[in-house]
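Welcome, and thanks for taking a look at this one. Below is a short briefing to read alongside the coordinates.

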Amino acid sequence: GYPAEGGLLSVTVVSADGMLADGLSTACFVMGLEGAAEYWKSWGEADGFDLVLMDEAGTVYVTAPIADVFTSDYPVTVITRG
């Protein structure tokens with residue numbers, strides 16, 4: 001019954017599979033920024049999803065494959081696999 005305290009305000013999962021995106025958005029929110037980024041690095045390509053995350057400081061993190069088409073009024077950091 002306690003709220004998640006992973007340091008994220010928002011998680012968006014971009015995927016052709018709606019059920020996958022729904023489940024991963026909750027899981028990544030609970031994992032926090034580092035956990036979500038590591039999960040994407042391990043499984044994003046194989047499972048076909050990308051992430052847009054916003055932390056409590058107002059920084060947006062977007063995964064590399066969608067970074068070129070993503071715009072924001074907030075500072076943006078690109079998450080890469082390398």
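A salt bridge here means a side-chain nitrogen of Lys or Arg within 4 Å of a carboxyl oxygen of Asp or Glu. Please keep in mind that this is a predicted model. By that rule the count comes to 1 salt bridge, and the pair in question is Lys41 with Glu38.

**The salt bridge**
- The closest N and O atoms of Lys41 and Glu38 are 3.5 Å apart, so the pair falls within the 4 Å cut-off.
- Both residues sit in helix 1 (residues 18-47), and because they are 3 residues apart there, about one helical turn separates them.
- Lys41 counts as partly exposed, at 30% relative accessibility.
- Glu38 is also partly exposed, with a relative accessible area of 45%.

- Four strands make up an open sheet in the order 1-2-3-4, and their pairing is mixed.
- Strand 1 (8-15) and strand 4 (76-79) are the edge strands, each pairing on one side only.
- From one strand to the next, the twist averages 20°.
- Strand 1 pairs with strand 2 (residues 49-55) in the antiparallel sense, over 7 bridges; Ser10 stands opposite Met54 of strand 2.
- Strand 2 and strand 3 also run antiparallel, joined by 3 bridges, and Met54 has Val60 as its bridge partner in strand 3.
- Strand 3 and strand 4 run parallel, with 4 bridges between them; here Val62 has Val78 as its bridge partner in strand 4.

**The hairpin and its loop**
- Strand 2 and strand 3 form a hairpin with 4 residues between them, and Gly58 in the turn has a positive phi of about 90°.
- Thr59 belongs to the loop between strand 2 and strand 3. Is Thr59 buried or exposed? At 16% relative accessibility, Thr59 counts as buried, because buried means under 20%.
- Not counting residues up to four places away in sequence, Thr59 touches Leu53, Met54, Pro75 and Thr77.
- Thr59 and Asp73 are 14 residues apart in sequence, with a C-alpha to C-alpha distance of 9.9 Å.
- Strand 3 (60-63) is covered on both faces: Val60 and Val62 are buried on one side, and Tyr61 and Thr63 are buried on the other.

**The helix against the sheet**
- Helix 1 lies across strand 1, strand 2, strand 3 and strand 4, and runs at about 45° to strand 1.
- Ser25 is a residue of helix 1; a polar atom of the Ser25 side chain lies 2.9 Å from the backbone oxygen of Asp22.
- Leaving aside neighbours within four places in sequence, Ser25 is in contact with Val11 and Val13.

**The nonpolar cores**
- The largest nonpolar core has 15 residues, and Val11, Val13, Phe49, Leu51, Leu53 and Ile79 touch the most other members.
- Strand 1, helix 1 and strand 2 each supply at least two residues of this core, with the largest share, 7 residues, coming from helix 1.
- Apart from this core lies another, of 6 residues, including Val52, Met54, Val60 and Ile66.
- Phe49 has contacts that leave aside its neighbours within four places in sequence, among them Val13, Leu20, Leu24, Tyr39, Trp40 and Trp43.

Definitions and conventions
Residues numbered from 1 in each chain as written. Predicted model: local features only at pLDDT ≥ 70, side-chain atom pairs only at ≥ 80, totals over all residues. Heavy atoms only, no water. Buried < 20%, exposed > 50% of the residue type's maximum accessible area, 1.4 Å probe, protein only. Pairing = 2+ DSSP bridges. Axes fitted to C-alpha atoms, helices over the stretch in contact; angles between N-to-C directions. Contact = heavy atoms within 4.5 Å. Polar contact = N/O pair within 3.5 Å; in protein donor to acceptor, adjacent residues only side chain to side chain. Core = buried A, V, L, I, M, F, W, Y, C linked by side-chain atoms within 4.5 Å.
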